[in-house]
Amino acid sequence: MPILELASLTKHFGGVHAVDELDLTVDEGEIFGLIGPNGSGKSTTVNLICGVVSVTSGNVTFEGRDITGAASHRVLAAGVARTFQNIRLFGHLTVWQNLWVAQNSVEYRRSENFAKRWFFGSGAVRDAVDEQLAFAGLIEKRNELAANLAFGEQRRLELARALATKPRLLLLDEPAAGMNLEEVHALDGRLRALQQAGMTIVLVEHVMELVMGVTDRIAVLNFGRKIAQGLPAEIQENEAVQQAYLGGSVEAAHA
């Protein structure tokens, strides 16, 4: 059974079909790429999965459970975490506090004495936060305000914050945007490490070097529709994909 399944998923904004009858399955433990030109529906798809925007029609199933239209906090509680195309950190909090908040959102769901845990902390939570900081390469920045971090560091902190919620499925919306080549290579290594640890990842990204190097399978959207799906090598050779990225219409791509 796939860990994530989208069945005829559709979102209309007035007359605009942002996502149109999208069928997609993501297998447990894989890194699945979701690519396409700007405005093709990638971020809208992530928002539909996470309950940020309402579904016009179709279904979202996670681990065999229908989560279509569930509120964002319930999707997170179910085990789905995400990062944002536009960074959304708590800029007035320190690096460590950003992860503390996320980690305690997990503790809140599990503890009957959450208030005590929040104000006084627990050794397990503190250790988990430090582990995520180390993974993100931010241990030395733990007491810095998130707003004062360099752009690439903010990207790493947002990834660490998502991981702090202990998800089983991680949705990454353009995590390499604004990164230099060295930072992209480091991100590649982190994604591979997460996969080796059992994490399932959906990667929305424009940096093709990262996508083609780290993903197991890729789906391509254009004008809200899936125009191709397959192995990275197959996607690279797909004429419909080449047409879409060169500015051709979906109809021209299929001609």
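Which helices each supply at least two residues of the lining of the largest cavity? In this predicted model, the helices in question are α6 (151-164) and α7. The lining comprises Thr83, Arg155, Arg156, Glu158, Leu159, Pro175, Met179, Glu183, Leu187 and Arg190, and α6 makes the greatest contribution to it, with four residues. The volume of this cavity is about 100 Å³. Five of its lining residues are charged, four are nonpolar and one is polar.

A search of the whole structure returns two cavities of 30 Å³ or more. By class, the lining of the second largest cavity contains eight nonpolar residues, one polar residue and no charged residues.

Nonpolar packing was examined next. In soluble globular proteins, nonpolar side chains tend to be buried together. The largest nonpolar core in the model consists of 28 residues, and Leu170, Leu191, Ile201, Leu210 and Val220 have the most contacts inside it. Helix α7 (residues 181-196) provides the largest share of this core, four residues. Another core, of 26 residues, lies apart from it and includes Phe32, Leu48, Cys50 and Leu169.

When residues up to four places away in sequence are not counted, Leu210 touches Ala176, Val184, Leu187, Asp188, Leu191, Leu203 and Glu205. Among these partners, Leu187 also lines the largest cavity.

Methods:
Residues are numbered from 1 along each chain as its sequence is written. This is a predicted model: local features need pLDDT of at least 70, side-chain atom pairs count only at pLDDT 80 or more; totals for chains, interfaces and linings use all residues. Side-chain values use heavy atoms; hydrogens and water are left out. A nonpolar core is a set of buried Ala, Val, Leu, Ile, Met, Phe, Trp, Tyr and Cys residues joined through side-chain atoms within 4.5 Å. Buried means under 20% relative accessible area, exposed over 50%, partly exposed in between (1.4 Å probe, protein chains only). Contact means heavy atoms within 4.5 Å. On a 1 Å grid over the protein atoms alone, a cavity is a set of points where a 1.4 Å probe fits but cannot get out, and a pocket is an open set with protein on both sides within 12 Å along at least five of seven lines; lining residues have an atom within 4 Å of a point. Grid points are joined across faces, edges and corners, and a volume is the space filled by probe spheres set on the points. Ala, Val, Leu, Ile, Met, Phe, Trp, Tyr, Cys and Pro count as nonpolar, Asp, Glu, Lys and Arg as charged, and the others, Gly among them, as polar.
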